[in-house]
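Please keep the sequence and the structure in view while reading.

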Amino acid sequence: TADAGITRIFADGSARFLTALPDQLDVGAIAFSGTNAWYGGPNGGGRIVNGLPERSFRLEDGLVDEDVRAVAARSSKAWFGTAGGISEFDIQANDLITRNEGLGDLDVRAMAVAAGVVYAGTASGLYQMNESGPLPVWEPVSPPISVEIVDRASRGDRLVVVGPDRWVWTRATPSDSWASQQLGTPDYRVTSATVDDSDQILVGGRRVDFAPIGADVTPLFMDLAGTESPLYRQLHGAQYFGLGTDRDGGAWVGAFPVDAGVSHWRADGRVVAYLEEESGPDEGPYNNDGWLRNLKIDAMETSDGNVWVSSFQKGLTRMTPSSD
């Protein structure tokens, strides 16, 4: 989160708060390798071992810059992409090393590991780490992608790169050539990408929508075939915060005011609203259908079909939608 650190949620619904350091609760990037979790934010980075915070990384520890935008991890090493370049931490050496050799600029925006290769996206292009020499050095990918890197995603050997103006580059393995395409229309702003378990690539961002209440900004999900999430003109509520994809290409949307619950924005364009006040009187902080009464900050559908919804300052509701 932006002000409360990292929470680990277990399958039984229990949770554990991971980052207890009061000056590192703004977290913007996480990467995993084995039992290690590495994180970063505007106040440096840190390492979590077996679910517990182990140490933090700041300027005095050798971090090249404390504004950490991206993190990547592989085996016993982690890389922190910052506003001033890249720091590498080696568990075996127990030390931070600056790894800026070969970068065209030090404004690092994204990092990833694909097919064992470490990639860094900066404000001017995409680089990969060449570890064959005495010292690692960054080299432009071939063929090069010499644009501002907005985001990147990887799964296995596949690498996805998001550039400005809705451009997306993909390749299945490092030996393949890049495939690129421009998605959507000029009023779309694509800001992120992910690769799901079935190797489907999804991108997310915003689009301008002039309905239903004047000029507004609508959350957007797309796949590379051009399938888009529908506009939210039928959703219950006035403002929209939480947003998570479902397993069929639609989305779950958390809303404000607090009685709005969530809406299921289905892939076929239909919208079903699950209202917070569906049944019964309030029982403490929630009513007897289980909804926590507050602004819905985030939503996520898990592989078992359950929908998890976080409520501002209250906690979590787990919902199992009916078949209809």
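In this predicted model, one aromatic cluster is formed by Trp38, Phe57, Phe80 and Phe89. The count of aromatic pairs comes to six.

**Trp38 and Phe80**
- The ring centres of Trp38 and Phe80 lie 6.4 Å apart and the planes meet at 75°, so this pair is edge-to-face.
- Trp38 belongs to strand E4 (residues 36-41) and Phe80 to strand E8 (residues 77-82), so that the pair links distant parts of the chain, 42 residues apart.
- Trp38 is buried, with a relative accessible area of 0%, and Phe80 is buried with a value of 0% as well.

**Phe57 and Phe89**
- Phe57 and Phe89 form a tilted aromatic pair, with 4.8 Å from centre to centre and 45° between the planes.
- This pair also links distant parts of the chain, 32 residues apart, with Phe57 in strand E6 and Phe89 in strand E9 (residues 85-90).
- Phe57 and Phe89 are both buried.

**Glu66**
- Glu66 is located in the loop between strand E6 (52-57) and strand E7 (68-74).
- Glu66 counts as buried because its relative accessibility is 18%, and the cut-off for buried is under 20%.
- Leaving aside residues up to four places away in sequence, Glu66 touches Gly41, Pro42, Asn43, Gly44, Arg58, Leu59 and Glu60.

**The chain as a whole**
- The secondary structure comprises 30 strands and zero helices.
- Of the 324 residues in the chain, 44% are buried.
- The chain exposes about 15,400 Å², of which carbon and sulfur atoms supply 50%.

Definitions and conventions
Residues numbered from 1 in each chain as written. Predicted model: local features only at pLDDT ≥ 70, side-chain atom pairs only at ≥ 80, totals over all residues. Heavy atoms only, no water. Helix = DSSP H or I, 4+ residues; strand = E, 2+ residues; numbered from the N terminus. Buried < 20%, exposed > 50% of the residue type's maximum accessible area, 1.4 Å probe, protein only. Contact = heavy atoms within 4.5 Å. Areas by Shrake-Rupley, 256 points an atom, 1.4 Å probe, with all protein chains shown as cover. Phe/Tyr/Trp six-rings, centres within 6.5 Å; stacked < 30°, edge-to-face > 60°.
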